[in-house]
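These are my notebook entries on a structure that I consulted for the first time. I set down what I looked up, entry by entry.

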Amino acid sequence: MIQYFLKRLLQAIPVLLGVIIITFVLMYIIPGDPVVSMVGERYSEETVQRLRQELHLDDPLPLQFLRYVGNVLQGNFGNSFITGEPVAALIIEKFPNTMMLAITAMFFAILIGLTAGIMSSVHPGSFMDRGIMVLALAGISAPVFWVGLILVLVVGVMLQWLPPTGFGGIEYLILPALTLGLRSAAYLARLTRATMLEVLSHDYIRTARSKGLPEWKVFIKHAFPNTLIPVITIIGTDFGSYLSGAVLTESIFGWPGIGRLALEAIMKRDFPVIQGTVLFMAIMFVLMNVLVDLLYGVVDPRIRLERSGK
Amino acid sequence: MTIAYAADIRGFDPAFATDLRTGKIISLVYDNLVRFDADMNLAPAIAHNWSVNNTGRIYTFNIRNNVRFHDGTSLTINDITKSFHRILDPKISSPQTWLLERIAGAKDFMTGKADHVRGLQIANDSSLVVELDEAFAPFIQYLAMPAAAIINSNGIESLSTVPAGSGPWRLETWARDGELLFSRNKDYWDTPPITDNLRIRILSEVMTQSAEFETGSLDILEVPQGEIEYWRQYNYDQLEVEELNIWYIGMNCSRPPFDDLRLRQAMNYSIDREKIIHILLNGSAALASGPVPPQLLSEVTELRYEYNPSRAIQLLKEAGFGNSLQTEIYVAGGSGMFHVLEALQSDWAAVGITVEIKRSDWNVFKTAVREGKPDLYYLDWFADYPDGENFLYPLFYSTESMKNRNRFSDPDIDAIIIEIQGLPNNAKRQRLIADANKLIVDAAPWVFLWHSKTIYLTQQWIKGFQPSPIFNANRYMNISKMAPE
């Protein structure tokens, strides 16, 4: 198992290197100039030249690239052009906020999505099944931005049950987490229902029923665990994307996370912060994928056996 | 008390306070030698008085001895000279050196030829003499700018995250992209702020700000352009501030087709600005009759370019453009004024000028303008300090315009601007500002649009809010908050 884990991690290295190269090239291809974001409205040409020199912006691109990779290998992600703060510190400052939002959003997604999916599959074609599936379709189709604003308006402004936006205690976490989690919930509901229906048609379910097991036991003990492989895949990839920040949700709710950090950096052409956040996001994705792989083995003994070569 | 900003600040280092929001925050936590009061007058701050000698070159500042930094240490005259040296120090690389580089010997210090600035002289413990290379009237106003704030010499290391000033507000916490929390500085040398706390929340979405105001979580709301109509139905206290600004369209005067005066004038004549102000801007702007806002002029400038499409068509004909002119206008995506651009576009189309709108993000836009790429661009200018000179030199003086803006150059106007800079504030200077304003209107390097107003709403429990048109004069000193009913 550990060997497998390490192998997967090693495989991630070319992926991360690819991410670094692509981000680096893209940053220099897109128009714009970081110095313009730094100098304000009144400045002299000498100031611009001095800053360019200081930030090594006029060095040949390959040299800049090698310097960057060299620094990253030493754990140095550089300093923000705009604030002068170390990029690593900025990411470390934001990550707990992003993590908190991601976990809560995923909690809502799993709770709502799996419950709705299982309930839906109990009586396929029933009124409840159709109702849930219509809601799920709406959940998948509704843009995050719209859902967020509606929640702010209805729950925050009209009903005043929760503060519309902001950052702090748990009361501030619910609306953004719901906004972020609802789409995954909708997707999970549909996926769980479809997989459950497929599983329920298998012979072993008939056997379980013919043994005289109560229906809830058939569902929860025999059918549900067999739906977990696709469900875990979705949860894993969605969680990976949550961990790399949710720009829209964070902007609507004034949530200080990684997504806004990245967006601001892109707007201002703050190259070190762009590089750092994109690399961080890539690492999160890779880690989540490895974790999902490992979980496959936990929920399905057959996969465990294949890996150990038996 | 709680207010909102649309984006976070850069930090607390005055040397890098190049944007409006950072500048506003710097003015809360730091003091300068002088500052602007709510009525735009220069007022004493750390300097309790000052004088200029008759050559206009030598300033003497008498310094208060009761100013303390937030860490309790006394502000001394050494802190002042160190702060000024720091801005000019090439190792700091501050983009704001322009504020102080006219001090005698500053250039030598900046290039490493001298180890200190010759023109900064400590006369005694309580007076500082500043000698300039030559008479330069705006200098005293420069000293009220954020980058000229006085820094505690003990706190220089951590300025990007922790302020080291003596201002009326102390920083309590800063959650980047979340909020800034300040408490009143009880030991302030002047009357401290009335309210205990000032919370500035970072809310990038317009609708989010409105929602927070509606639920009472924000005490003051700067009404976004698009929501003026919406808020009229409510009964909030409303304050309208005529800002010192100008919205304009820059025309590249250095190459065809806009090197032709007749075309530039036709561009001005062909647009119905009054209609746009009335319908699209909900009346929240005043027609501009030139670059300098009326508050900074001693006399009323007549409106030179009234809406006159037939005059525009005639000028285009004289210039030989007929119906065939095609060009592009650059605009920054975040300006929220796209509908205004479309209205202008249709007015120009009506006289035979086809203008394509090119939208990009702010950074790409500014880079393009700097490089002189656009034929036309849509932009604004907000005052650094309340002086007509601030709407002339940075925008129209040849070397400034040729390098950074719309490539306009006129030696006569240059000469007047330089004369204005050398004169103390008197009737002659006022006359020259009006003259320069008029000459620029005649030369039409821009399409002059309007001076915008800002509308603030306050909750009924907020008293004493008096916004100033100068960005760093708003220090929230006299605001009191009663308990909400």
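**Entry 1. The model and chain A**

I noted at the outset that this is a predicted model. I began with chain A and counted its secondary structure elements: there are 15 helices and 0 strands. I then looked up the dimensions of chain A, and its C-alpha atoms fill a box of roughly 85 × 60 × 30 Å along the principal axes. Of the 310 residues in chain A, 48% are buried. I also checked how far apart in sequence the contacting residues of chain A lie. Among contacts between residues at least 6 apart in sequence, 72% join residues at least 24 apart.

**Entry 2. A pair of helices in chain A**

Two packed helices are described by the angle between their axes and the distance between the axes. I looked up both values for helix α5 (residues 87-122) and helix α8 (residues 170-200) of chain A: the angle is about 35°, and the axes are 5 Å apart. The crossing of α5(A) with α8(A) is right-handed. I recorded the make-up of this contact as well: its residues comprise 23 nonpolar, 8 polar and 1 charged.

**Entry 3. A:P256**

Next I turned to a proline of chain A. Where does A:P256 lie? I found A:P256 in the loop between α12 (247-253) and α13 (258-268) of chain A. Is A:P256 buried or exposed? Its relative accessible area is 1%, and A:P256 therefore counts as buried.

I then listed its surroundings, leaving out residues up to four places away in sequence. A:P256 touches A:K94, A:N97 and A:F167, and also B:R176, B:D177 and B:G178 of chain B. For A:K94 I looked up the separation in two ways: A:P256 and A:K94 are 162 residues apart in sequence, while their C-alpha atoms are 6.5 Å apart in space.

**Entry 4. The interface of chain A and chain B**

The size of an interface is often given as the accessible area lost when the parts come together. Between chain A and chain B I read a buried area of about 3800 Å², with 48% of it from carbon and sulfur atoms. On the side of chain A, the residues that lose the most area to chain B are A:E41, A:R42 and A:Y43, which together account for 21% of what that side buries.

I also looked up the charged pairs across this interface and found 8 salt bridges. A:R42 forms a salt bridge with B:D384, and their closest N and O atoms are 3.7 Å apart.

**Entry 5. B:Q238**

In chain B I looked up a glutamine. B:Q238 sits in strand β12 (residues 237-242) of chain B. With a relative accessible area of 44%, B:Q238 is partly exposed. Which residues does B:Q238 contact, apart from its neighbours within four places in sequence? They are B:I455, B:Y456 and B:L457. The C-alpha atoms of B:Q238 and B:L457 are separated by 4.7 Å, although the two residues are 219 residues apart along the chain.

**Entry 6. Salt bridges**

Over all chains, a search of the whole structure gives 34 salt bridges. I looked up several in chain B.

B:D187 and B:R170 meet through their side chains in a salt bridge at 3.6 Å, N to O. B:D187 is in the loop between β9 (179-184) and β10 (197-202) of chain B, B:R170 is in strand β8 (residues 169-175), and the two are 17 residues apart. B:D187 is exposed at a relative accessible area of 53%, whereas B:R170 is partly exposed at 23%.

B:R255 forms a salt bridge with B:D375, with the closest N and O atoms 3.0 Å apart. This pair links distant parts of the chain, 120 residues apart: B:R255 lies in the loop between β13 (245-251) and α7 (261-269) of chain B, and B:D375 in the loop between α11 (362-370) and β17 (376-382). B:R255 is partly exposed, with a relative accessible area of 28%. Why does B:D375 count as buried? Its relative accessibility is 18%, and buried means under 20%.

The side chains of B:D260 and B:R262 also meet in a salt bridge, 3.1 Å from N to O. B:D260 is buried at 15%, and B:R262 is partly exposed at 33%.

Notes. Residues numbered from 1 in each chain as written. Chains lettered and ligands numbered in written order. Predicted model: local features only at pLDDT ≥ 70, side-chain atom pairs only at ≥ 80, totals over all residues. Heavy atoms only, no water. Axes fitted to C-alpha atoms, helices over the stretch in contact; angles between N-to-C directions. Helix = DSSP H or I, 4+ residues; strand = E, 2+ residues; numbered from the N terminus. Left-handed = near helix turned anticlockwise from the far one by under 90°. Nonpolar A, V, L, I, M, F, W, Y, C, P; charged D, E, K, R; others polar. Buried < 20%, exposed > 50% of the residue type's maximum accessible area, 1.4 Å probe, protein only. Contact = heavy atoms within 4.5 Å. Buried area = accessible area lost by both parts, 1.4 Å probe. Salt bridge = Lys/Arg side-chain N within 4 Å of Asp/Glu carboxyl O.
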